[in-house]
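I want to look up the pockets, then the strands, then the ring contacts.

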Amino acid sequence: MDTGSHLLMGATLGGLAMVDPVVAAHHEAAYAVMAATLIGSHAPDFDTLARLKGPAAYVRYHRGITHSLPAPMLWALGLGFPIAMLTGAADYVWTVVLWAFIAVCLHIVLDLCNGYGVQCLRPITRKWVHLDALCLFDPYLFGLHAAGACLWLLRVLPPAPLFLTVYTLTILYISWRLAARRLIRRRLRLRFGLNGRLTMVPSLSGRSWQFSAELDDRSVLGMISGRHISIDHTVMKQAEQLPPAVAATMGADGVRAFLQFAERVHYQVQERLDGYEVTWSDVRFWTKDGMPFGVAVQLDRNLQVLHHQLRWNKKTWEPPHV
C-alpha cells in the first residue's frame, strides 16, 4: 500500500496494542510500542533507498528481501531492542518486539493483496506473489482507520474496544475483497475458457476490475463490472525468437531488472533515422492508451545500446493503481 496508509495503520496498531495488559498498564511500554508499530509499519519500504541508484535498482530490490519470509522477525528484533532501550522500556523489550513483528507482518500482508506483489517467499523462491484484491491506496481502509484515529485523539472511545472493532472490520473487508476476487476470477475463466494466467487490478472505487487474460495465441485486456465484461485491447503473442534489435537490448541493466519482475512481456520495435527504439512492456498493467510500465531502449544502426529508461508512463493517480 501507499506510505500514508502504512503509517496510519501503524498508528492504529499502536492503539490496538492497548488490548495487551502490559502495554495498557505501563506508559513506558505504550510509548515504545507506538514507536515500534509506527516504524515497523513502514520498515519494509526502507528498500526505496535503492531508488537513489536509479529505477533499475528500485525495480530489482523494492518489495524483495525486505518483504521476505525471515524479514518480519529480523525487522522486529532490529527495531524492538533499540526502541525499548531508547525509550526506557527495557523491562518490556519482548512486548515491543512482538508488536513490531505484528506491524511488519501487517505491512507485508497489505502489499501482498496489491496487484504489484511481493517476493514474500524468499529465500525459498524469488517468485512475485500478488493477490490482486486491493489498490495501492484503498479509500475504504484509509477512511476506516482515519476515523478510528480521530475518535481516539478526541477521546470519544477508549483505544482497546475502538481498535478491536476497527481491525475486526479491516479483516472482514479484506476477506470480502479476496472472496470477490475469487468469484470474478472464476467468472472470467469460464467466460474465456482460461487455462493460462489471469491477473486483475481493482479500480479505486472497488466496483470494477481491470483484467489481463492469457489465451493460447493472445492476451485479452478488459474490464469487468458486475456481470458485464468488456474487452478493450487484444495483444497477440510474439515469436520466441527475438528480432535482432530486441535481442540486442537484453544486456541493458533496465531491461534485465524489468524482465526479472514482469510476468508477461510485449516488445515493440520502431525504426528511426539514426537507429531503432525497442520498447518492452508488462501486459498486466494497461490503460486505454497502452501499457504504461516498461523500458524504452534506443539503439544505433549497429544495434549498440545508446540509452534506456525504465518508467511508468502515467500519473500516480491514474489507473492501474499499483
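**Entry 1: the largest pocket.** I began with the lining of the largest pocket, which is made up of 29 residues, with Arg-51, Tyr-58, Leu-136, Trp-312 and Val-322 lying nearest its centre. A reminder to myself: this is a predicted model. I looked up the volume next, and the largest pocket holds about 810 Å³ of space. Which elements supply at least two residues each to its lining? I found helix 4 (55-61) and strand 8 (305-312). Sorted by class, the lining of the largest pocket has 14 nonpolar, 8 charged and 7 polar residues.

**Entry 2: charges over rings.** Two of the names closest to the centre, Arg-51 and Tyr-58, turned up again here. The charged end of Arg-51 sits over the ring of Tyr-58, at 3.9 Å from the ring's centre. Trp-312 came back as well: Lys-314 lies over its face, 5.5 Å from the ring centre.

**Entry 3: the second largest pocket.** I moved on to the second largest pocket, with a volume of about 500 Å³. Its lining has 24 residues, and Ser-281, Asp-289, Gly-290, Met-291 and Pro-292 are the closest to its centre. Here the elements giving two or more residues are strands: strand 4 (228-236), strand 5 (265-272), strand 6 (275-282) and strand 7 (293-300). The class count for this lining is 10 polar, 9 nonpolar and 5 charged residues.

**Entry 4: strand 7 and its neighbours.** Strand 7 made me curious, and I checked its burial. I noted 7 of its 8 residues as buried, so strand 7 is largely enclosed by the rest of the structure. Which way do strand 6 and strand 7 pair, parallel or antiparallel? They are antiparallel, over 7 bridges. In this pairing I marked Gly-275, which stands opposite Asp-300 of strand 7. Strand 8 also runs antiparallel to strand 7, and 7 bridges join the two. Phe-293 has Trp-312 in strand 8 as its bridge partner. The hairpin of strand 7 and strand 8 has 4 residues between the strands, and I found Leu-303 there with a positive phi near 65°.

**Entry 5: aromatic pairs.** How many aromatic pairs does a search of the whole structure find? I got 16. I picked out Tyr-140 and Tyr-173, whose rings are 6.1 Å apart centre to centre with 55° between the planes, a tilted pair. Tyr-140 belongs to helix 7 (residues 139-153) and Tyr-173 to helix 8 (residues 159-192), so this pair ties together parts that are 33 residues apart in sequence. Tyr-140 is partly exposed at 42% relative accessibility, while Tyr-173 counts as buried at 16%.

Next I looked up Phe-258 and Phe-293: the ring centres are 5.6 Å apart and the planes are at 55°, so this pair is tilted. It links distant parts of the chain, with Phe-258 in helix 10 (residues 253-261) and Phe-293 in strand 7, 35 residues apart. Buried or exposed? Phe-258 is buried, at 0% relative accessibility, and Phe-293 is buried with a relative accessible area of 2%.

**Entry 6: the ring cluster.** Ring pairs link Phe-258 and Phe-293 into a cluster with Tyr-116, Trp-128, Phe-261, Phe-285 and Trp-312.

Definitions and conventions
Residues are numbered from 1 along each chain as its sequence is written. This is a predicted model: local features need pLDDT of at least 70, side-chain atom pairs count only at pLDDT 80 or more; totals for chains, interfaces and linings use all residues. Side-chain values use heavy atoms; hydrogens and water are left out. On a 1 Å grid over the protein atoms alone, a cavity is a set of points where a 1.4 Å probe fits but cannot get out, and a pocket is an open set with protein on both sides within 12 Å along at least five of seven lines; lining residues have an atom within 4 Å of a point. Grid points are joined across faces, edges and corners, and a volume is the space filled by probe spheres set on the points. Ala, Val, Leu, Ile, Met, Phe, Trp, Tyr, Cys and Pro count as nonpolar, Asp, Glu, Lys and Arg as charged, and the others, Gly among them, as polar. Buried means under 20% relative accessible area, exposed over 50%, partly exposed in between (1.4 Å probe, protein chains only). Two strands pair if DSSP finds at least two bridges between them. Rings of Phe, Tyr and Trp (its six-membered ring) pair if their centres lie within 6.5 Å; planes under 30 degrees apart count as stacked, over 60 as edge-to-face and the rest as tilted. A charge sits over a ring if NZ of Lys or CZ of Arg is within 6 Å of the ring centre and within 35 degrees of the ring normal.
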